[in-house]
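Please keep the sequence and the structure at hand while reading.

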Amino acid sequence: MADDYLVRIGKLIRDARQHRGWTQSQLAEALGTSQSAVNRIERGNQNISLEMIARIGEALDSEIVSLGYAGPMHLRVVGGRRLSGAIDVKTSKNACVALLCASLLNKGRTVLRRVARIEEVYRLLEVLSSIGVRTRWINDGVDLELVPPAELDMDAIDAEAAVRTRSIIMFLGPLLHRMDGFKLPYAGGCDLGTRTIEPHMIALRRFGLEVAATEGQYHARVDRAVRPGRPIVLTERGDTVTENALLAAARHDGVTVIRNASSNYMVQDLCFFLEALGVQVEGIGTTTLTVHGVPHIDVDVDYSPSEDPVEAMSLLAAAVVTESELTVRRVPIEFLEIELAVLEEMGLDHDRTPEYFADNGRTRLVDLTVRPSKLEAPIDKIHPMPFPGLNIDNVPFFAAIAAVAQGQTLIHDWVYDNRAIYLTDLNRLGGRLQLLDPHRVLVEGPTRWRAAEMMCPPALRPAVVVLLAMMAADGTSVLRNVYVINRGYEDLAERLNSVGAQIEIFRDI
């Protein structure tokens, strides 16, 4: 039994190392041991202590190892420090997960450049690997290569990984072209209240897809006789709904018109990728997309997703809340123009470089420098709208920003059921936020932040907002179980430390 336990531990460590794109020698160097010792551990031929498992989990930033044996990851934050210098924005989390799903359209080799190394991506890679897709980190673990099998093995799907990401819902669009019937586990992700998949179903039924949800699974069947004969009108202008419709249209033999489509950043990146696959997409950046489908896609494609505007907003908010001067480089400006206009009206002191293009050759970037500013509460409420409005995912950051501004700010987060409630966690850190109803919060500023120890909210953006407030609070705070942050941000603590923060990662052993 003990030997079997060691073999299973070794397999988990090997899989985590390979997902990170490391060799045995690189892991050995990080642990201060030999390559032969790592080899013995991975083969189950060496006794291993809980302390060593914790060290391996920390080196690999692997939730698989840490949850099973070393406990969840926590952050210890010494606040009240000013940030300085420059920090680069990473590639878009939401674009990367959409492109991973889109790789199922292609029978050839797909290479994605500078893929976000986050838990959401790792979960999707586990799912893709389980159904037969060969996934491999290349170029020192920077880029990702995906090679599909001739036939996908949906019966072998890693259900545990699938239920931890809502992105699994975007398998429906590409899979309906590959098989007449299949099953998918229920979509998971952040705890943001009831999020129906019915808008997805309304769009995908036009391609013959019917889904019955029973026993924790979606049971999908495809009627090949059904084809979209008229424009598809989406019942909500959602990002993933638009992406699913695009994925279904990409291999439909004909022209598909999608109306009320999202024109947000991840949708545009997906359109650019589809064009690289040979699919013609008209109307990119508008709410009407016309897709000229290609029934058989078998090409070797190389694509670079653009930078993440929500991460850029996170870093700008970090500078504002800590009253710092910070340069945020590679900011996708066209997806932050409304946010910056609001911040300018509040009194933000900043400047920007001339625009230049992202590696995809299409998305416009700038470098932004933010300085300490005396902010005033905005006259109008803060509320999201579909692009080109204020980004839904950027609303929580305005709670922390409003908390350091003079006056009262009304934040109306109308999209999600629970997220506004999680923003009131800032009160534990000295904030003065009044919950008016499940969607509206009144923020009173300025705030004298204070240190605290608390659990991480179960939603990604409110969790990061709490971390930013801890960075501004004098004293030492502890944020427990930050897996949700790792779902959407790559090495966030280390990168903030590089510009002056003091954040320590630790685990309970």
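## Basis of the report

The model is predicted: local features need pLDDT of at least 70, side-chain atom pairs count only at pLDDT 80 or more, and totals for chains, interfaces and linings use all residues. Residues are numbered from 1 along each chain as its sequence is written, and side-chain values use heavy atoms, with hydrogens and water left out.

Helices (H or I, at least four residues) and strands (E, at least two) are DSSP runs, numbered from the N terminus. Buried means under 20% relative accessible area, exposed over 50%, and partly exposed in between (1.4 Å probe, protein chains only).

Strand β5 covers residues 143-147, and five of the five are buried, so the strand is largely enclosed by the rest of the structure. In a regular strand the side chains alternate between the two faces of the sheet. In β5, Leu144 and Leu146 point one way, while Asp143, Glu145 and Val147 point the other way.

Two strands count as paired if DSSP finds at least two bridges between them. Strand β3 (residues 110-112) pairs with β5 in the antiparallel sense over three bridges, and Val111 stands opposite Glu145 of β5. Strand β4 (residues 134-138) also pairs with β5 in the antiparallel sense, over five bridges; here Thr135 stands opposite Leu146.

## The turn between β4 and β5

β4 and β5 form a hairpin with four residues between them, and Asn139 in the turn has a positive phi of about 55°. Asp140 lies in the loop between β4 and β5. Asp140 is not a glycine, yet has a positive phi of about 60°. Its relative accessibility is 75%, so Asp140 counts as exposed.

## The sheet β6-β8-β7

Three strands form an open sheet in the order β6-β8-β7, with antiparallel pairing. β6 (181-185) and β7 (209-214) stand at the edges with a single partner strand each, so one side of each has no neighbour in the sheet. The twist averages 25° from one strand to the next.

β7 pairs with strand β8 (residues 217-222) in the antiparallel sense over six bridges. Glu210 has Arg221 in β8 as its bridge partner.

An α-helix has 3.6 residues a turn, so residues three or four places apart point the same way. In helix α3 (residues 35-42), the residues Ala37, Val38, Ile41 and Glu42 are buried. Seen down the axis of α3, the buried residues fall within an arc of 135°, so they line one face of the helix; the arc is that of the directions from the helix axis to the C-beta atoms. Gly44, with a positive phi near 80°, follows α3.

Helix α4 (residues 50-60) contains Gly57, which is buried at a relative accessible area of 2%. The C-alpha atoms of Gly57 and Thr235 are separated by 43 Å, and the two residues are 178 residues apart along the chain.

In helix α15 (residues 395-403), nine of the nine residues are buried, so the helix is largely enclosed by the rest of the structure. Among them are Phe397, Phe398 and Ile401.

## Packing of α13 on α17

Helix α13 (residues 309-321) and helix α17 (residues 460-472) pack at an angle of about 25°, with their axes 9 Å apart. That makes α13 roughly parallel to α17. Axes are lines fitted to C-alpha atoms, for helices over the stretch in contact, and angles run from 0 to 180 degrees between N-to-C directions. Angles under 35 degrees count as roughly parallel, over 145 as roughly antiparallel, 65 to 115 as roughly perpendicular and the rest as oblique.

The contact (heavy atoms within 4.5 Å) is made by Val310, Ser314, Ala317, Ala318 and Val321 of α13 and by Arg461, Val464, Leu468, Ala469, Met471 and Ala472 of α17.

## Other backbone features

Most residues other than glycine have a negative phi, and most peptide bonds are trans. Arg330, in strand β14 (residues 326-332), is not a glycine but has a positive phi of about 65°.

A cis peptide bond joins Phe387 and Pro388, with omega about 15°; Pro388 lies in the loop between β17 (364-371) and α15. A cis peptide bond also joins Gly445 and Pro446, with omega about 0°. Pro446 is in the loop between β20 (440-445) and β21 (453-455).
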